[in-house]
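Let's take a walk through this structure together. Here it is, with its sequence.

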Amino acid sequence: MTAAPPHGHAHRDAPSDDPRVRLDEAAGVFEPVPPYPPRTERESEFYTLGDGEMFINMGPQHPSTHGVLRIVLKLDGEQVVDLDPVLGYLHRGVEKLCENADYHHTIAYLDPLEYISSLFCEWPGVMAFEKLLDVEVPRRAEYIRVLSTELNRILSHSMFIGWMALDLGGLTPILYGLIERDEIAEMLASLTGQRLLFNYLRIGGVNGDLNHDFMSRLGDWMSRATTQIEANLTLLNENEIFVRRMRGLGRLDKETAFRMAVTGPNIRASGVALDFRRGHPYSVFPELDFDIPTREEGDCLARYLVRVDEIKQSLRIIDQCLHQMPDGPIMAKLPRLLRPRPGRAYAAVEGPRGQYAAYVISDGTDQPFRMRIHDPSFVHLQSVGVLMPGHLIADAMAVMASLDPIMGGVDK
Amino acid sequence: MDAALKRRLEARFGERLTAPIAQRHDETEIRIGPGDVPDVVRTLHDDAELGFILLADLAGVDTGTHMQVVYHLWSETTPDWLRVVADGLSRDDPRCPSVTFLWQGAEWMEREAYDMFGITFEGNRDLRRIYMPPDYQAFPLRKDFFLPDDAARSAGAGVRHIEQTHTPRNARPDRVLRKVGA
């Protein structure tokens, strides 16, 4: 593979007159500078090296990028000066696929957007379709949705805690996190039939009612969940290396958070009590009693601790769901072929990473005319450009991990 | 539906709205020309009675006859989502002012809309492709871009390569290029 030499903005001379022969390529060195002239002001600014600076290409297969992400880092020594994330390695064109599928089929495309919190990817799409169709979802179905998604939130946060520690060099917490995740995944598998991509929500309800297998697994797990999770957390919360390294790292203040359109636990760690379950209530959340944990510091430790507190609140919600679960149907009565009236609908839910949203335009046929999917990971990943500069490479990875982006959602 | 919000919006932007304010469920929709975007968005953000501080989403839309840029905003002052539709961008050269002066986080969302629809956001410092390769020519989410896949039920299905942008000879544009008045 021969890359063309960099053009006018090249930072060093080609080692040979012949552009096809490059000594560093022969030695297996990958050149992160793109082989074409810069197209924007920002690109030419980034790909021009200052005194003593160098490029490091990280990814796409770097373990701490949480998927296939490439980041070109501009370094001064070991300090990050600037960075340019390169996306698209996982782009599947989900929006286009949705526009060519009928409304029921779309749910299966929304599902694999994110492999950690699939139910949250389905929910806004389904909710937007219900708004277009003016369907009222049965209350039992709403409670089952809340119950299953809160379980999914705990699953996601357990994985986050493990990954966070893994990116800082601690191997043990991910093993405990995976134990937690596996129990919940098995539980949801007995409810939905799938371990990873649940494909459980339906337009107007859910796919299946609560069954004995699920309830016995859930009861078993709930009886020891609090102590089990507390025990896992002491691994990190009382680990001085972890806490001192996280404190003060990657500080995100309120104004910057709003400027970068950050939502979810990341903005709550900056002292803003913005949670769409309360800030823009949907489903049966107005009937449920829970707190919105916030932290003032806005650093990596705060983002970690907010998620820890959220797990406890999710357990509270699950407990209330089980006590208040009404009897009744789990699906609204709807025709097989859905043709909503022409119109537009927007729906958003509060996921483990922030605002998951869908914007749907109907033109009266059985396929959505336009299906826009908003994923919080995409929005949060661009704030690494604000948070990383000034940190060492190793800390920069911790900053990225604390924002918890999932590349499946980023690349859509 | 928040009637008070509707009155406030009408009082602020009365003459700039290109269509009556539409409300349905928990959504309020206003339509403006693309040139008014910076002013309107600035007022929505800064005015204490409106206070739309969070950009929830930015999307491009190809209606088949023209392009739109759609902003969804969230505020504490209202239980509604506010949808701002910058309407009537030409399909040949869609241009819209950037909102990155207010929300830096819009930068990547605008890059995405550029990548998928070819909408040029004036004032965005880094408007290049974000998902597709840099040498890619087409804009995949436009309505005249066909999927060659069996999953697509378009009339052009199966007759063309995915990266061709022209309409195939045997395609029936009236069926494929769905136009929406919404």
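## Where the chains meet

How many residues of chain A are in contact with chain B, and how many of chain B with chain A? In this predicted model, 41 residues of chain A are in contact with 40 residues of chain B. On the side of chain A that touches chain B, several elements give two or more residues. The helices are H2 (41-46), H3 (94-99), H10 (254-259) and H14 (376-382) of chain A. The strands are E6 (343-350), E7 (355-362) and E8 (368-374) of chain A.

What is the make-up of that side of chain A? Its residues divide into 17 nonpolar, 11 polar and 13 charged.

## A strand enclosed

Of its 8 residues, 8 are buried, so E6(A) is largely enclosed by the rest of the structure. Gly343(A), Ala345(A), Ala347(A) and Val349(A) point one way from the strand, while Arg344(A), Tyr346(A), Ala348(A) and Glu350(A) point the other way. The charged residues Arg344(A) and Glu350(A) are thus among the buried ones.

Which strand is joined to E6(A) by 8 bridges? That is E7(A), and the two run antiparallel. Within this pairing, Glu350(A) has Gln355(A) in E7(A) as its bridge partner. The hairpin of E6(A) and E7(A) has 4 residues between the strands, and Gly354(A) takes a positive phi near 145 degrees there.

## The nonpolar core

Which residues touch the most other members of the largest nonpolar core? They are Ala128(A) and Leu73(B), in a core of 152 residues. Helix H6 (residues 139-167) of chain A supplies the largest share of this core, 14 residues.

Leaving aside residues up to four places away in sequence, Ala128(A) touches Ala345(A), Tyr346(A) and Ala347(A), together with Ala358(A), Tyr359(A) and Val360(A).

## A three-stranded sheet

Elsewhere in chain A, an open sheet of 3 strands has the order E1-E2-E3, with antiparallel pairing. Its edge strands, E1 (53-58) and E3 (79-86) of chain A, each pair on one side only. From one strand to the next, the twist averages 20 degrees.

How many bridges join E1(A) to E2(A)? There are 6, and E2(A) covers residues 70-76. Across this antiparallel pair, Met54(A) stands opposite Leu75(A) in E2(A).

Definitions and conventions: Residues numbered from 1 in each chain as written. Chains lettered and ligands numbered in written order. Predicted model: local features only at pLDDT ≥ 70, side-chain atom pairs only at ≥ 80, totals over all residues. Core = buried A, V, L, I, M, F, W, Y, C linked by C-beta atoms within 7 Å. Buried ≥ 20, exposed ≤ 12 C-beta atoms within 10 Å, placed from the backbone. Contact = placed C-beta atoms within 7 Å. Pairing = 2+ DSSP bridges. Axes fitted to C-alpha atoms, helices over the stretch in contact; angles between N-to-C directions.
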